[in-house]
Amino acid sequence: GKEEIECKAIADDAEAELNVALPALQKAMAEVEKLDKSAISEIKAYKSPPKQVETVLAAVMILFGNKTDWTTAKKVLGEANFLQSIKGYDKDNVSATIMKKIKGYVSHADFKPEAVGAVSKAAGALCTWVHAIYIYASVAKEVAPKRARLKGAQESLAVKQASLQKAQEELAEVTAKVNRLKQKYDDSVGEKNRLRAEADQMELLLDRADKLVKGLAGENERWRASIGQLQNEIGRSLGDALVAAAFLSYAGPFDTQYRSNLVGGWLSAVREQQLPSTENFTFASFCALPTDVRQWNIQGLPADNFSTENGAISVRCSRWPLMIDPQNQANKWVRKMEESQLHIVDLKSKDMLRKIENGIVYGLPVLLQDVLEELDPALEPVLAKALIKVGNREVLRLGDKELDYNKDFKLYITTKLANPHYTPEVSTKTTIINFAVKQQGLEAQLLGIVVQKEQPTLERQKADLTLRVAAGKQKLVDLEDEILRLLSEAEGSLLENETLVDTLQQSKLTSDEVTRQLNEAEETEIKIDAKREEFRPAAIRSSIAYFVLDDMGRVDPMYQFSLDASPKNITGTERCRQINVAHTLSVYQYTCRGLFERDKLLFALQLCLRIMTSENKVPKQEFDFLCYGGAGIERADQRPNPCPEWIDAGAWDNITALDSIPACMGIASAFEQGQRDWRAWFTSSEPEETPLPGDWENKVTEMQRICIIRALRLDRVLFCASRFVRLNLGPQFADPPPFDLRAIFQSSNHRTPLIFVLSPGVDPTAQVKSLANDLSTNVDICALGQGQAPVAMSLMNLGLRSGSWVFLANCHLMLSWMPELEKRIAEYCAMTEDMPHAPHCDFRLWLSASPSPKFPIAILQRGIKMTTEPPRGLRANMLKLYNLVGEEQFGRCQQRLKYQRLLFSLCWFHALLHTSSMNRTIVSVMI
């Protein structure tokens, strides 16, 4: 403590002062150490010593307390222990008297070790020793009080340290006792904690046991139901698997009705062999999980059963799927399903084989799109899956390369051909699947579009609801799979498997939450569907219009339309009836641009009949009669013809067949009773406008009237059909809209090719030039032919950069180059506006071609088609001429009234010439 510090300070102070004298003393002692008996004998030998020697010895004698005479000195020197006395002299206890005497010596000028040493070295050493003793004793005298204080302090410190030692011993004893008590306490606490941990563990295990029992109890109900269902399915799996295998192998190319007939026939054959099978077997439910189907629907696959079957075939088939996809639905679904890993190629791609090779080696999916009826022979090993076993490797030879085959590789093939004819070599190596859109699936899609336009919030709720329910059900399946996995892998007590218990608990919570959400979703879905159903007629009408457009492709190969290119003016400001009227008229006007005059009435009639059929206004018997007449009538059982002079045998066959239709029953007997009235009607110039004889005018519908015209006056069917369309759809559907190139241009964009379908003797080049001049736009024209492909491609690239127009005329003369054009159009249409080489917004691509079945379907579907043939009839000709005169040009004339009359007269005269051009007499008279 403090006292110990003070003691140390005093000791350090004394030690410091003593250290001043110690060097001299040590030096003196070193000199003394050199002395020996011979040196002492040397001094004793002096009878009369030198004065310096005598003085030194006198000083030595004083230090020893002896007499200072020489005799005494010699006697002392003669003592045997003299040197030891010198070395062991008590330097710390030199008296003051001695010090006083010695001072007289050491202060003398001659009493210097050097001077004495010159006379006698031994005396010099003793002189050094005397000096050292004097110096040390002088210092020790000053240090003595400090040493006394140090001694007292040390004694006091020793007493206190003894007390401290005793206290420390007592403390150590107490500490040991406390430690023993603490150890005992710790042991008790440890035991208590062990017991508590054991209790907590038991409580945790009891809680887990409770959760396990309750969780497995909930799963037990589901698993029991699933086990029962699976056992039943296993029992019927033999017949079901047989039918499913047949369906997977053969049903892909066919439509819904034919597939149903095939399945019905196969099930009958299975049951005849007494094989167990499901009563209402469906391929989709047998080969596709509900979770997978929901995911396909989210990815863009239509939700109808036909599309679901196609999806199941695509992912289950062992041969590569070849999808007949005229509406591009399968293509979009595959792109969404495979997403970023998908490599997309076509047969014209320069790197097609390289991308397929990468897919084979690295196990990536590849989409080979827009194939025709012939495939590249280089793909033969891929289609045939011609794998070669080399050691543990599976190798596929593609060209001159041997590729390691990755089993994750997938190949999807799509074609836009609506009815392709593939060779047996292709058919046997691929699974052909008919992905043509069906009315049910298209109707659901169009309903979503209409509701999205009319009620966007409602449609978003529907989409969000579908995603949430799908995600919840998928999560339930994943949790159930995880539980079964954990149960199968569990070792030891299930209570020790915390993951299993937590998963069970999570499964139960999720199940309850999903069940709650599903209940809410069902209620919400009922409300949403009820609201959406208000727009169902608009979706039905739109799907009808599309399928009428699709059927027009059978009339002419150039009549190709896609869902993406259909008119989109379904507005959200009109209600359902107004939407139907506006959209139907829009479809009619849009389609008539690309139809020849001879086919426009056919399109309008087909559209009208389809719409009326959907509304149950056209009985099937009447429609069949309109199509086929009285073909197949057995004349042996036929009523006799009452008017053979003006009703020929074929017409009477038609009347007999018409009489078998319930609504027209009795018409045959009416000819017997009213021959004169019927003959007058028959010979009238416009029987479609002439009232029918008797009460038939009030009995028949317009459909039945056209059937009667069909039976007797086949020459007036077209006029009657025009009247039928006008009465049921409206007059605007009976008169095609006039050709307006400016309006067509305004409805296009830089990604839409504008295609002129040529008629003999008509060249649209002048019209395109005139429109370009009116809009102050440059148009580059290239007449296609041999060697013009580089020129055409150069003009297109220039137009895409600068925004000028490009007109490629006579595309039918370079059909072999059309796939390259198709690829170039697809490339720039796929670019977004923010890309560096995106097409200029003012760019337009104009094409002209005569009808050809080899013209690329993709270009026809992507573009706006226009027919170029002279209009028929005075009204159509005059409207065309009036459209050539713009408002600005019309307003230039100051004499407006006279100009109107002159313009009308000129248009009338010109239209009359065109209308009568087929009559040589009129033409010759006018000339």
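## Basis of the description

The structure is a predicted model, in which local features need pLDDT of at least 70 and side-chain atom pairs count only at pLDDT 80 or more, while totals for chains, interfaces and linings use all residues. Residues are numbered from 1 along each chain as its sequence is written, and side-chain values use heavy atoms, with hydrogens and water left out.

## The chain as a whole

The chain has 38 helices and 13 strands. Both kinds of element are DSSP runs numbered from the N terminus: helices are H or I with at least four residues, and strands are E with at least two. Of the 927 residues, 42% count as buried. Buried means under 20% relative accessible area, exposed means over 50%, and partly exposed lies in between (1.4 Å probe, protein chains only).

The accessible surface of the chain comes to about 50,600 Å², and carbon and sulfur atoms hold 53% of it. These areas come from the Shrake-Rupley method with a 1.4 Å probe; for residues, only the protein chains shown count as cover. Taking contacts between residues at least 6 apart in sequence, 74% join residues at least 24 apart. A contact means heavy atoms within 4.5 Å.

Five strands form an open sheet with parallel pairing, in the order 2-3-7-1-8. At its edges are strand 2 (343-346) and strand 8 (430-434), each of which pairs on one side only. From one strand to the next, the twist averages 25°. Two strands pair if DSSP finds at least two bridges between them.

Strand 1 (residues 320-324) pairs with strand 7 (residues 410-415) in the parallel sense over three bridges. There, Ile 324 has Thr 415 of strand 7 as its bridge partner. Strand 2 and strand 3 are also paired in the parallel sense, over four bridges, and Val 345 stands opposite Leu 368 in strand 3. Strand 3 (residues 365-369) is mostly covered, with five of its five residues buried.

Nine of the twelve residues of helix 12 are buried, so the helix is largely enclosed by the rest of the structure. The buried residues include Phe 306, Glu 309, Gly 311 and Ile 313. At 1.5 Å a residue, helix 12 should span 16 Å, and its end C-alpha atoms are 16 Å apart, which agrees. The expected span is 1.5 Å times one less than the number of residues.

## Helices 28 and 29

Helix 28 (residues 702-712) and helix 29 (residues 717-728) pack at an angle of about 175°, with their axes 9 Å apart. The two helices are therefore roughly antiparallel to each other. Angles under 35 degrees count as roughly parallel, over 145 as roughly antiparallel, 65 to 115 as roughly perpendicular and the rest as oblique. Among the residues making the contact are Met 703, Ile 706 and Ile 709 of helix 28 and Cys 720, Phe 724 and Leu 727 of helix 29.

## Selected loop residues

Ser 759 is in the loop between strand 9 (754-758) and helix 31 (765-774). It is buried, with a relative accessible area of 11%. Not counting residues up to four places away in sequence, Ser 759 touches Phe 596, Thr 868 and Glu 869. Ser 685, in the loop between helix 26 (675-682) and helix 27 (696-699), counts as exposed at 60% relative accessibility. Leaving aside neighbours within four places in sequence, Ser 685 is in contact with Arg 713 and Arg 716. Ser 685 and Arg 716 are 31 residues apart in sequence and 9.1 Å apart in space, C-alpha to C-alpha.

Gln 274 has phi near 60°, a positive value in a residue other than glycine. Its place is the loop between helix 9 (256-272) and helix 10 (283-287), and Gln 274 is exposed, with a relative accessible area of 72%. For Asn 810, phi is near 60°. Asn 810 is in the loop between strand 11 (805-809) and helix 33 (818-829) and counts as partly exposed at 26% relative accessibility.

Conventions. Axes are lines fitted to C-alpha atoms, for helices over the stretch in contact, and angles run from 0 to 180 degrees between N-to-C directions.
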